[in-house]
Amino acid sequence: MIVLQLSDFHVRGDDRPSFGVVDTRRCLEEALAHLKKTEAKPDALVLTGDLADDGDEKAYRILHESFSPLGWPIYAIPGNHDRRDRMRAILPGWCPADPDAAPCICYTVEDGPVRLVMVDTTNPGSHGGHWHPTVMRWLDKTLAKRPRTPTLLFMHHPPFATGLPVMDASLENADALATILRKNPPTRLCCGHIHRPILSQWRGVSVVTAPAVSMQMELDLSEKGGDEFRLETPGYLLHHWKQGVLNTHVCQIATRTSFAGPYSFSGQRTEDRGQKTETEDRRLKTDDRAACGLCSQLSVI
Ligand SMILES: [Fe+2]
Ligand SMILES: [Fe+2]
């Protein structure tokens, strides 16, 4: 069984560059071109949030038109840049949400040897991860239905401190998640949001974060780390289950990578920067850290 995990497209409906720098439509097209040539046809394609940059309707339509011709089963969950209502309306086949977890978009895919569990960790207006009590009750009940089943559990936000301080501000109610997962050991937690692959062991649980299809987080472990990105090679995760072994491969997407940057996530918003493009070799640094990098709406500091 092969599950491809793509994350953090940040597609815009207005064709402006994301964060004033990144041509995310081109990133999407490069990812599609790569996937069309891949030999490993997946049993499922999972999209772990930040599909859109600002939750605009056109971005979801672009994604739907782009991926549907592949003919692969597609499953999505929202990230902090997404709009649940628009994902439900425009991508209903990709978000078969269980009403028991409403208003969050949570559901399972049970037709393969590895169970896929999709968990919504977003809270409108907030950048960080939220493990809502309703969602945690749903998850506990859901995992208990098939105990000891190999499980890939997908959510946008990782529950662990990444060491990139700006990204680690909110881990609300993550203890409840750890308690539930400890009862279901054959689980790999697969996240997005960080725009960088990280492999970790959190409270006894195997955790991995996906590289982004768009920009990649600058690896800065200092106090200001987690607020800059670079135009590094994009990528995705390939989860492969065979003969009782679950391997997760970190894959790269062939692009004309410039490695330009670092650029700040937390400077002026796209609208304020105008039509700048990534070909402009400029550094967008700022001392204003009141607004978090990957958040368009709320301070995390
Ligand atoms: Fe993102
Ligand atoms: Fe995010």
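# Reading a predicted chain

Guide: Of the 301 residues of the chain, 49% count as buried. The model is a predicted one. The secondary structure comes to six helices and 16 strands.

Visitor: How do the contacts divide by distance along the sequence?

Guide: Take the contacts between residues at least 6 apart in sequence. Of these, 71% join residues at least 24 apart.

Visitor: What makes the span of helix H1 close to the expected one?

Guide: H1 covers residues 24–37, which is 14 residues. At 1.5 Å a residue, 20 Å is expected. From first C-alpha to last, H1 reaches 20 Å.

Visitor: Which residues of H1 are buried, and how do you know that they are on the same side?

Guide: The buried residues are Thr 24, Arg 25, Cys 27, Leu 28, Ala 31 and Leu 35. They cover an arc of only 155 degrees around the axis, so they sit on the same side of H1. An α-helix has 3.6 residues a turn, so residues three or four places apart point the same way.

Visitor: What is exposed on the other side of H1, and what covers the buried residues?

Guide: Ala 33, Lys 36 and Lys 37 are exposed on the other side of H1. The cover over the buried residues of H1 includes strand E1 (2–6) and helix H2 (57–67).

Visitor: Why are helices H4 and H5 called roughly parallel?

Guide: H4 (residues 133–145) and H5 (residues 174–182) pack at an angle of about 5 degrees. Angles under 35 degrees count as roughly parallel. H4 and H5 are therefore roughly parallel to each other. Their axes are 10 Å apart.

Visitor: Which residues of H5 are buried, and what puts them on the same side?

Guide: Ala 174, Leu 177, Ile 180 and Leu 181 are the buried residues of H5. Their arc around the axis is only 115 degrees, which puts them on the same side of H5. The face turned away from that buried side carries exposed Thr 179 and Arg 182. What covers the buried residues of H5 includes H4, strand E8 (171–172), E9 and strand E11 (205–209).

Visitor: Why is Gln 201 called exposed?

Guide: Gln 201 has 9 other C-beta atoms within 10 Å. A residue with 12 or fewer counts as exposed. Gln 201 is therefore exposed. Gln 201 lies in strand E10.

Visitor: What does Gln 201 touch, not counting residues up to four places away in sequence?

Guide: Gln 201 touches Ser 206 and Val 207. Leu 189 is 12 residues from Gln 201 in sequence and 9.7 Å from Gln 201 in space, C-alpha to C-alpha.

Visitor: Why does Glu 110 count as partly exposed?

Guide: Glu 110 has 13 C-beta neighbours inside 10 Å. Exposed takes 12 or fewer and buried takes 20 or more; partly exposed is in between. Glu 110 therefore counts as partly exposed. Its place is in the loop between strand E4 (107–109) and strand E5 (115–119).

Visitor: What makes Asp 50 and His 193 count as buried?

Guide: Asp 50 has 27 C-beta neighbours inside 10 Å. His 193 has 29. The cut-off for buried is 20 or more. Asp 50 therefore counts as buried, and so does His 193.

Visitor: Where are the cis peptide bonds of Pro 103 and Pro 262?

Guide: One joins Ala 102 and Pro 103, with omega about 5 degrees. Pro 103 is in the loop between helix H3 (84–90) and E4. Another runs from Gly 261 to Pro 262, with omega near 5 degrees. Pro 262 is in the loop between strand E15 (245–252) and strand E16 (263–264). Most peptide bonds are trans.

Note on methods: Residues numbered from 1 in each chain as written. Chains lettered and ligands numbered in written order. Predicted model: local features only at pLDDT ≥ 70, side-chain atom pairs only at ≥ 80, totals over all residues. Helix = DSSP H or I, 4+ residues; strand = E, 2+ residues; numbered from the N terminus. Contact = placed C-beta atoms within 7 Å. Expected span 1.5 Å × (residues − 1). Arc of directions from axis to C-beta. Axes fitted to C-alpha atoms, helices over the stretch in contact; angles between N-to-C directions. Parallel < 35°, antiparallel > 145°, perpendicular 65-115°, else oblique.
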